[in-house]
Each structure stands twice: as C-alpha cells, then as structure tokens.
Amino acid sequence: MEEQKIIIALDGNSSCGKSTYAKLIAAELGYAYIDSGAMYRAVTLAAMDAGLFDDTGAPPVEKIEALLPQIQLKLKHNQEKQRTEIFLNGRMVEDLIRQMDVSAHVSYIAAISAVRRKMVEYQRSLGKEKGVVMDGRDIGTVVFPEAAIKIFLTASLEVRAERRYKELIDKGMPAEYSDVQENLEKRDRIDSNREDSPLMQAEDAILLDNSEMTLEQQMIWFRELYQQVISEL
Ligand code: CDP
C-alpha cells in the first residue's frame, strides 16, 4: 500500500539550513519542496524595482498594497538545473532574490499583512494535495497548523552567518561577513517581533538545533521521526 502523503512544515531562524534540509527531505520522499521565503523575496524585488524603498526603512504600506495586484508569482521546476525556480511576472528571479540588497529589505515587506494574506493563500493552494515540504517562518503556526510533521530548526548565529557567507561567496555574489551576520540578526528581530504571524515555534513543533550536526545526521534524525509519525496515522 502506498504511504499516506503528509505536509511537513519546517520553520526557523534566518539561514539555519532550512532549504537544504527541506530539499533533501522532499527528494527522499518524492515530495514537492516549496520555499515560502522566495515568495516574500520576490515581492520585495518587485517593490525595489518599482522604486518604493527610499532608504533602509519600511516602504509605505499603501504603496505596497497598490502594487500587490500587479504581482504574479509562479513556481516552476527546472529539469536541467534540478531546482524549483520562482518567476515574478514571467521573469525568472530565483538568483536575483538571493542578493544581499533583497535580504536587507525583505523583512519589512514580510511584516505587511496584505502581503502575507496573498502569500499564504498561494502557499495553501500548493499544499492542497499534500506531499509537500514547505519551509518558512509561519508554516507550522499559520499556513498549515494541521501539518503532520512540524520541525523548528535553529543554529547559533555564528554558524548561520558562516554558512550564508560561504553560500553567497560560492555563488559569486558579493558579500561581507559582518554584513551577513548583521542582516541575519536584524531579520530574526523583525521576523520575531512583527504583529502578523511572527516567527515562533508552534506548540507541537519539534525543536532541532543543527549547529553541530551534519546533514546526514539530520536525515537519520528525520527518518526516525517520519517512521513514527507515519505509523501513527
Ligand atoms: O533563507 P533565509 O533564511 O535567508 O530566508 P528566507 O527563507 O528566504 O526568508 C526571507 C524572509 O522572508 C524572512 O527573513 C522573513 O522576513 C520572510 N518570510 C516570512 O515572513 N514568512 C515565511 N513563511 C518565509 C519567509
């Protein structure tokens, strides 16, 4: 008998390895991987392109709300690159949205309720058939409170900053270590303190600190959890 499909929610701090972990889990189970952060990043890029940011602060909410109906997001799997890519109004922006200037602005955009409503609606539509691993900040608390597995991933700030810095440099993207660390701290602060859907561990989520863990160790831990959850369905 085919195993029942479930939803796996993976939340946690900025740059704690959620997407790498979520992709591995999805590949192992034959599930779809959905990066909810990419959606907030794409909206941020649209706001930047529209010139709505004048400095590092939050742009006027009314202007973002007015821009929202003009924003079309789509996720498509790129067979050749073996990755899911996000399209903003038909333009592939998967790489552009990872740049530091988008990271510097995204948490302001993600704090706006109208933006969250639109993103959550899209995210829920993608999870309708189950069989998805979605990572973000509010997946276990708001988007899929009924998810069968909820993991809250964390790691020390130093480990997270090192991982993100290395990732950017490896991709040939300009970055300073101190800027990366500052950005992670700032996003964690804004994401945890916003009123709408703050970053927090769901009551029934399992906390995993991966500061000292390899990916293989994380997968061994996951397999055990998965078997237990599936056997109890
Ligand atoms: O990969 P990284 O940890 O840098 O962040 P991300 O997952 O790409 O998310 C970028 C930003 O989007 C976060 O800092 C949050 O402000 C926001 N976000 C959110 O509010 N809710 C989500 N479900 C996912 C991301």
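**Burial, cores and a ligand shell**

Modeller: V229 is a residue of helix α9 (residues 215-231). Helices (H or I, at least four residues) and strands (E, at least two) are DSSP runs, numbered from the N terminus. The model is a predicted one, in which local features need pLDDT of at least 70, side-chain atom pairs count only at pLDDT 80 or more, and totals for chains, interfaces and linings use all residues. Residues are numbered from 1 along each chain as its sequence is written, and side-chain values use heavy atoms, with hydrogens and water left out.

Colleague: Why is V229 counted as buried?

Modeller: Buried means under 20% relative accessible area, exposed over 50%, and partly exposed in between (1.4 Å probe, protein chains only). V229 has 14% relative accessibility, so it counts as buried.

Colleague: Which residues does V229 touch, leaving out those up to four places away in sequence?

Modeller: A148 and I149. Contact means heavy atoms within 4.5 Å. V229 and I149 are 80 residues apart in sequence, yet their C-alpha atoms are 7.5 Å apart in space.

Colleague: Is S36 buried or exposed?

Modeller: S36 has a relative accessible area of 2%, and therefore it is buried. The residue lies in helix α2. Beyond four places in sequence, S36 touches Q123, M134, D135, G136 and I139.

Colleague: What does the side chain of S36 reach at 2.6 Å?

Modeller: The backbone oxygen of D135. A polar contact is a pair of N or O atoms within 3.5 Å; within protein, one must be able to donate a hydrogen and the other to accept it, and residues adjacent in sequence count only if both atoms are side-chain atoms. A polar side-chain atom of S36 also lies 2.9 Å from a nitrogen atom of the ligand.

Colleague: How many residues surround the ligand?

Modeller: There are 19, and the closest are S15, R41, R116, R164 and D191. A residue is near a molecule or strand if one of its heavy atoms lies within 4 Å of it. Helix α2 gives the most to this shell, 4 residues.

Colleague: What makes up the largest nonpolar core?

Modeller: A nonpolar core is a set of buried Ala, Val, Leu, Ile, Met, Phe, Trp, Tyr and Cys residues joined through side-chain atoms within 4.5 Å. The largest one has 38 residues, and V43, I71, L73, I109 and V115 have the most contacts inside it. Its largest share, 8 residues, comes from α2. L73, with neighbours within four places in sequence left aside, is in contact with M39, A42, V43, F87, L88, M119 and Y122. Another core lies apart from the largest one; this other core has 22 residues, including Y21, I151, L153 and L225.

Colleague: How do you know that α4 is mostly covered?

Modeller: Of its 11 residues, 8 are buried. They are V102, S103, H105, V106, S107, Y108, I109 and A110.

Colleague: Against which helices do the buried residues of α4 pack?

Modeller: Against α2, α3, α5 and α8.
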